[in-house]
Amino acid sequence: MQPNEIKKTVLLAGATGYLGNYIAKELISRKIDTKVIVRKPSGLTAIAYALTGIIQAEVTRAETLKGHLRGVDTVISTIGITRQKDGLTYMDVDYRANMNLLEEAKRAGVKKFVYVSVINGQLHRNLKLVEAKEAFVDQLKASGMDYTIVRPNGFFSDMRDFQKMAEKGSVYIFGKGKKKFNPIHGADLAQVCVDAIISKRKEIEVGGPDILTHYEVAEMALLASGKPINIIHLPHWLRKSILWIMRTFTSSKTYGPIEFFLTLLAEDAIAPRYGSHRLSHFFQNEMDTLKKNA
């Protein structure tokens, strides 16, 4: 796809997050007119000069969005939270905030809505972190607006948990570590999200170029850290016990992200492969950055 093929005005919600920042840069690199909605414009200093407009608003408060979507052709939303904060729940943000965007988009005559959910979300509605995302997906599908739902596999940024363990000399995995997945770099996923603006596909599952086992990811992290290969296998009954304890004795604010990650660690999650970024290079770059900042 050539950079000048998409002649539309795009509104991006979530530009200061991990994926949103890459999407903003991808839109700018293709010279697409881009507006962003942010709570704090100070988080956009590196790209602010290239944006068509910066809208200061809070997507959780519908009244702050009124009138801001006029002239917009497509909305791309990466709005969502992994760890609840500021007293907000998953339903407040992943569902209600995106509904606020969708309702304002319909009023403004926006033609398409691109939403980033999670891989296999339809199968995991029982998980708190996924429940709200899929509730919004249901509303988007019923809205009458053209849409594309992007369902990425794990992000490279999520793999930092492996790296943090590796830096301490040991990486813990459940079972034999043979479950497979193909996490994707934010820059590669951003290309998919921007291509979705003119895609006719309603749902796009996507992962990175390398299908890896949890054991292989643990090994990569240790090699990048310069540590001996020390991988500790934990029994799955322990994973299930942790899930039960967290669900029974803590709030969804605490157990939501743990529930999500521990559940997905027990199954294969393989999506169509895309992109050029390798996880081994990501780990090495992360280590090089740590050494420079040390």
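Visitor: Does Q163 count as buried or exposed, and why?

Guide: This is a predicted model, in which local features need pLDDT of at least 70 and side-chain atom pairs count only at pLDDT 80 or more, while totals for chains, interfaces and linings use all residues. Residues are numbered from 1 along each chain as its sequence is written, and side-chain values use heavy atoms, with hydrogens and water left out.

Q163 counts as buried because its relative accessibility is 3%, where buried means under 20% relative accessible area, exposed over 50% and partly exposed in between, using a 1.4 Å probe and protein chains only. The residue belongs to helix α4, which spans residues 160-167; helices are DSSP runs of H or I with at least four residues, strands are runs of E with at least two, and both are numbered from the N terminus.

Within α4, the buried residues are F162, Q163 and A166. These residues lie on the same side of α4, because they cover an arc of only 100° around the axis, the arc being that of the directions from the helix axis to the C-beta atoms. Among the elements that cover them are β7 (171-174), α6 (214-225) and α9 (279-293).

Returning to Q163, and leaving aside its neighbours within four places in sequence, one finds it in contact with A221, S225, F283, E286, M287 and L290, contact meaning heavy atoms within 4.5 Å. The C-alpha atom of Q163 is also separated by 9.2 Å from that of V217, although the two residues are 54 residues apart along the chain.

After α4 comes G169, which has a positive phi, near 105°.
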